[in-house]
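Me: I have a structure open and would like to go through it step by step. Could we begin with what a pocket is, and then look at the rings?

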Amino acid sequence: MRIVARIALLALAASPFVVIACGGDDSKNPKYPNKDGGEAVTSPSDTNVTVGSGDAAAVVGVTDQGSGGVSDSAKGAYDDGFKAWMTGDLQTAKTKFREATNADPKSSAGFYSLGCVLERLGDNAGAQTAYRQAFNAKSDNELAKGAYALNLAHTGHQGEADTFLTDQHQKNPKSARLEAYLAEVKSLEKDSSSAQQLAQDALRIDPNFKDAMIVIARDHYRAGRIDLAKYALTAILDGFGQASPARDPGNAEAMLLRGIIAREAGQRIAALKDFDAARLKRPDLIEATVQVAAMKLEAGNASEAQPLLESAVKYAPQNAIAHMNLGDCYRLQQRYADAKRELDLSLAQDSTLLGAHYAMGLMYLNAPSFPGMDAKQQVAAALRELNQYKTMRGPKAPPGTSDDIDDLIARGTDKQNQMNMPAATAAATTSAPPKKP
């Protein structure tokens with residue numbers, strides 16, 4: 001079992017994933033999905049279009065009447081931005097969405113879409129400003145309000161997000177969407193009771209509102225109530241017979257979460273099936289792509305993991321786990337300079353990723369040579385990284401993982417001693433007094 005991939009699973013499983021819908025693309029007329037996770041639909045000329053956002057790792061296209069339209073003056077740039085987004089060309093998407101807002105400064109959809117791309121690029125302050133411009137331009141753009149609040153919550157401002165959404169919900173108590181967003185923030189605050197109540201209230205307003213169902217399942221999972229999470233996911237994906245059919249059998253978020261639960265339980269075949277289905281339906285749902293790649297790395301299949309992980313870091317350049325696993329993938333392929341670049345990036349984005357230190361330690365310890373280092377420097381670097389991993393890990397390996405860290409450190413120490421032995425022997429011989437005849 002590959003320790004780096006397993007640590008990535010633990011980090012992903014703890015992360016929130018919030019999303020609105022799925023998306024597609026067409027060379028002449030972009031396909032934007034409907035608002036609650038259904039199949040992609042080609043938007044007619046009078047359809048309001050936007051790009052939806054939940055968190056920095058899940059941003060998609062949606063069509064929603066409450067999100068603000070795209071005027072004729074902005075539509076060309078906007079459509080080009082969406083096409084660029086769907087190919088993972090975030091810089092072009094940013095440029096085109098900004099052009100759309102310049103062409104129509106009152107375009108709520110344009111500002112919202114710009115915010116989504118900025119969030120993916122790690123510009124959270126810029127994203128928050130764009131989201132505000134979106135709902136200031138159109139006061140009922142609830143997607144922008146939710147994206148703004150969730151960005152606050154995911155960047156350490158959960159209290160501010162809670163206050164904002166509570167105020168918005170009080171102004172519009174019949175909005176299932178705002179209630180579901182507030183439930184998600186409550187869940188992130190570890191207020192599971194309030195999260196469950198709010199999500200259930202959202203379903204009373206709209207019994208078919210799938211986002212609220214996902215919040216219920218995700219909150220149960222976060223709180224460790226795995227059986228209840230599985231029950232909620234079954235209601236979404238499979239249903240309970242003709243009397244209670246599946247609410248949304250193709251919901252990518254639900255498949256992702258069910259896959260994570262299955263993988264944690266050691267049910268690899270079921271997990272891989274759900275992850276694959278989720279990523280094929282939602283190419284931008286980076287967590288699913290990273291999970292598939294991690295499982296391939298666990299099996300030692302770096303060649304199949306590589307394109308998945310390269311796609312993941314293209315779509316989500318701020319995803320530290322994707323960079324960590326890509327670095328480990330390059331290490332297995334003996335692309336050591338590329339491996340170090342990706343592992344350094346992962347630690348720059350998230351210094352708590354102990355798996356990155358483990359992968360670097362293995363790389364320095366096992367590589368025949370490393371650019372810019374002599375043998376002594378290389379083994380010293382290996383021991384530094386492996387000891388850093390052990391310190392961060394604590395007395396035992398993370399739950400659900402096993403490692404050979406003590407054996408690796410012993411190997412590195414033995415190699416270092418062997419390198420130092422000739423020098424030490426020579427020094428001892430030089431300093432010894434001459435023998436008397």
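Reply: A pocket is an open set of grid points with protein on both sides within 12 Å along at least five of seven lines, and its lining residues have an atom within 4 Å of a point. Please note that this is a predicted model.

Me: Okay, how much space lies in the second largest pocket?

Reply: The second largest pocket holds about 290 Å³ of space.

Me: And which residues lie nearest its centre?

Reply: Leu203, Met213, Ile216, Ala235 and Arg247 lie nearest the centre, out of 16 residues that line this pocket.

Me: Which helix gives the most to that lining?

Reply: Helix α11 gives the most, with five residues. At least two lining residues come from each of α9 (192-205), α10 (210-222) and α11 (226-237).

Me: What classes of residue make up the lining?

Reply: The lining of the second largest pocket has 11 nonpolar residues, four polar residues and one charged residue.

Me: New topic: the rings. How many aromatic pairs are there?

Reply: The count comes to nine aromatic pairs. One of them joins Phe135 and Tyr148, with 5.7 Å from centre to centre and 70 degrees between the planes, an edge-to-face arrangement. This pair links distant parts of the chain, as Phe135 belongs to helix α5 (residues 124-137) and Tyr148 to helix α6 (residues 142-154), 13 residues apart.

Me: Are those two buried or exposed?

Reply: Phe135 counts as buried because its relative accessibility is 7%, and buried means under 20%. Tyr148 is also buried, at 4%.

Me: Why is the pair of Tyr148 and Phe164 called edge-to-face?

Reply: The planes of Tyr148 and Phe164 stand at 75 degrees, with the ring centres 5.0 Å apart, so the pair is edge-to-face; the cut-off for that label is over 60 degrees. Tyr148 in helix α6 and Phe164 in helix α7 (residues 158-171) are 16 residues apart, so this pair too links distant parts of the chain. Phe164 is buried, with a relative accessible area of 12%.

Me: Which residues form one aromatic cluster?

Reply: Phe135, Tyr148 and Phe164 form one aromatic cluster.

Me: Last topic, the cysteines. How many disulfides does a search of the whole structure find?

Reply: The search finds zero disulfides. A disulfide is a covalent bond between the sulfur atoms of two cysteines.

Me: And are Cys116 and Cys329 buried or exposed?

Reply: Cys116 counts as buried because its relative accessibility is 0%. Cys329 is buried as well, with a relative accessible area of 0%.

Technical notes: Residues are numbered from 1 along each chain as its sequence is written. This is a predicted model: local features need pLDDT of at least 70, side-chain atom pairs count only at pLDDT 80 or more; totals for chains, interfaces and linings use all residues. Side-chain values use heavy atoms; hydrogens and water are left out. On a 1 Å grid over the protein atoms alone, a cavity is a set of points where a 1.4 Å probe fits but cannot get out, and a pocket is an open set with protein on both sides within 12 Å along at least five of seven lines; lining residues have an atom within 4 Å of a point. Grid points are joined across faces, edges and corners, and a volume is the space filled by probe spheres set on the points. Helices (H or I, at least four residues) and strands (E, at least two) are DSSP runs, numbered from the N terminus. Ala, Val, Leu, Ile, Met, Phe, Trp, Tyr, Cys and Pro count as nonpolar, Asp, Glu, Lys and Arg as charged, and the others, Gly among them, as polar. A disulfide is a pair of cysteine sulfur atoms within 2.5 Å. Buried means under 20% relative accessible area, exposed over 50%, partly exposed in between (1.4 Å probe, protein chains only). Rings of Phe, Tyr and Trp (its six-membered ring) pair if their centres lie within 6.5 Å; planes under 30 degrees apart count as stacked, over 60 as edge-to-face and the rest as tilted.
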